[in-house]
Protein chains: 2
Amino acid sequence: MGPTGYDATEFPPFAVTVDIVLLAATDTLNVMLIRRGLEPFAGRLALPGGFVHADESIEAAAHRELAEETGLVAAAMPGVHLEQLATFGAVDRDPRMRVVSVAYLGLSRSMPTPTAGTDAAAAEWLPVEEATMRELAFDHAAIVETAVERARAKLEYTTLATTLAGDEFSLGELHQIYEAVWGVKLDLANFRRKVLATAGFVEPTGERRVSRLGGAPATVYRGGPGAALVPPLARPESRSPVAALRSGRR
Amino acid sequence: MGPTGYDATEFPPFAVTVDIVLLAATDTLNVMLIRRGLEPFAGRLALPGGFVHADESIEAAAHRELAEETGLVAAAMPGVHLEQLATFGAVDRDPRMRVVSVAYLGLSRSMPTPTAGTDAAAAEWLPVEEATMRELAFDHAAIVETAVERARAKLEYTTLATTLAGDEFSLGELHQIYEAVWGVKLDLANFRRKVLATAGFVEPTGERRVSRLGGAPATVYRGGPGAALVPPLARPESRSPVAALRSGRR
DNA sequence: GTAATAGTGTCTGTGAGACACTATAAA
DNA sequence: TTTATAGTGTCTCACAGACACTATTAC
């Protein structure tokens, strides 16, 4: 706001919306999209979202939209995360009127079935590689790309993956989340060592659990008290190309 | 926006503003603040900012406000950087009306004198440590903290510092920017090695330059083609406390 | 001379990646 | 048995931090 105050009657009115990029880390990384019924961009895929109400914060609007479309309650459910991504405010991004959209990044371990009613029938899950190749409505393609990069980066330097993993998880499950979100294969042995060596990342519950398709019983962990990963868990692509060349494959 | 369109006449009107957190990396990290003349928060320090016009993008509004207050043109001048930070939209963040503010992070190598006119007379530069201890207007204290953390993080994994350093710079100057923004001392020898070993970070112009207070002539560099620092240049604080304990001081 | 900056050399410890290996369970 | 998962051991290379050292300039 201006430093000296202003005439409250003299400001251009804006519509403020939230758009939700809900990503699900199953085997691969998927994004929830909705097929538009009306112009503009009728028939195109778009992000779910809606207006911010006059009496709710932007944050609250994002949580409400997420719950309305999917039933997910980011604040209360394990395995769900919601955070602000960025704000998109080009003059002509919506041909009908001046709309400023605050995009949110949602992350979920599973792909919840879109809630019945509203536009849920037109909702679908798409792998992010496919989604970014489609022509999405408005500037939603750019928003999805921003969201995917943010999600991948956050797994490097925060404990976000333990939030996704839920209340209790094995290191194998945590490993699987990293592989899904990053879209790469990670050596499980090195992954384990790194995770266990990072203070505050995970802590054992003391229990063990058998898996569904054979294999030794896994130690069960829960998320640790830390929020930041120090040092970060780097993506393989993040390594210097020079260093990668020098060390080579063996 | 909503997936199925909406009645353009039925939406709650918002005022949309931009707030600029302009940080200057001189010897230390400073932030530009303006003393408010009017209620609310009269007499308090606040961030410079203003309304987004009906016919300009949010991005354009941020650039305009920055230029109006300081004369800095982020797009055209070396040594200046401007990027979106986050959007603040609590219901009661402005007691007068519903205002959504998109905060921008500005970074400058110097502390430009605030432009004459408007509220420039009330503008002042403060070290960020001092600023975060003062009680700022609105939610501006939180915005400043977010901005400082973003700036520090960005120096780790992007070549932003070369943008701040300007068209031509010595490694000593680049080193000084890192020390100012991070607020730590860095071993110059290790810093040089790391910078020169990172592909795309800096490239020599072929010239040398003498410094003002003695010392050998320095090789002149310009910013390289890279945008991301791979691997990142980590802050000393980012090191694992465990590792730091183990290695210790010698 | 001193002070200040530029730049090189070298040692050490940590940790990431590669990969071989054992153990335990289901089918 | 095979297959899948859990978990350990170990080697190597890269790199960050510590710090000693030389070189070149202004004063």
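1. Domain bounds here come from an automatic or database domain assignment. On that basis chain A of this predicted model is split into domain 1, residues 15-154, and domain 2, residues 158-247. Taken over C-alpha atoms, the centres of domain 1 of chain A and domain 2 of chain A are 27 Å apart.

2. The contact between these domains draws 13 residues from domain 1 of chain A and 13 residues from domain 2 of chain A. On the domain 1 side, helix α3 (residues 140-157) of chain A gives the most, with three residues. That side of domain 1 of chain A is made up of five nonpolar, four polar and four charged residues.

3. Confidence should be read before details. Chain A has a mean pLDDT of 88, and 88% of its residues reach 70 or more. Within chain A, strand β5 (residues 80-88) has the highest confidence, at 98, while helix α7 (residues 241-247) has the lowest, at a mean of 37.

4. Two stretches of chain A call for a remark. Over residues 1-6 of chain A the pLDDT is below 50, and the model gives this stretch 21 contacts beyond near neighbours in sequence. Residues 239-250 of chain A also have pLDDT under 50, with nine contacts beyond four places in sequence.

5. On overall content, chain A has seven helices and nine strands. Of its 250 residues, 40% count as buried. Among contacts in chain A with a separation of 6 or more, 66% are between residues 24 or more positions apart.

6. The largest nonpolar core has 139 residues, and those touching the most other members are A:Val21, A:Leu23, A:Tyr104, B:Val21, B:Leu23 and B:Tyr104. Beyond its neighbours within four places in sequence, A:Leu23 contacts A:Leu29, A:Asn30, A:Val31, A:Gly106, A:Leu107, A:Ala147, A:Val148 and A:Ala151. In soluble globular proteins, nonpolar side chains tend to be buried together.

7. Helix α5 (residues 171-182) of chain A has twelve residues and spans 16 Å from first to last C-alpha, close to the 16 Å expected at 1.5 Å a residue. Its buried residues are A:Leu174, A:Gln176, A:Ile177, A:Tyr178, A:Ala180, A:Val181 and A:Trp182. An α-helix has 3.6 residues a turn, so residues three or four places apart point the same way.

8. Which elements do the buried residues of α5(A) pack against? The partners are β1 (15-25), β2 (29-35), α3, α4 (160-165) and α6 (188-197) of chain A. After α5(A) comes A:Gly183, with a positive phi near 70 degrees.

Conventions
Residues are numbered from 1 along each chain as its sequence is written. Chains are lettered from A and ligands numbered from 1 in the order in which they are written. This is a predicted model: local features need pLDDT of at least 70, side-chain atom pairs count only at pLDDT 80 or more; totals for chains, interfaces and linings use all residues. Two residues are in contact if their C-beta atoms, placed from the backbone, lie within 7 Å. Helices (H or I, at least four residues) and strands (E, at least two) are DSSP runs, numbered from the N terminus. Ala, Val, Leu, Ile, Met, Phe, Trp, Tyr, Cys and Pro count as nonpolar, Asp, Glu, Lys and Arg as charged, and the others, Gly among them, as polar. A residue is buried if 20 or more other C-beta atoms lie within 10 Å of its own, exposed if 12 or fewer, and partly exposed in between; C-beta atoms are placed from the backbone. A nonpolar core is a set of buried Ala, Val, Leu, Ile, Met, Phe, Trp, Tyr and Cys residues joined through C-beta atoms within 7 Å. pLDDT is the predictor's confidence in each residue, from 0 to 100. The expected span of a helix is 1.5 Å times one less than its number of residues.
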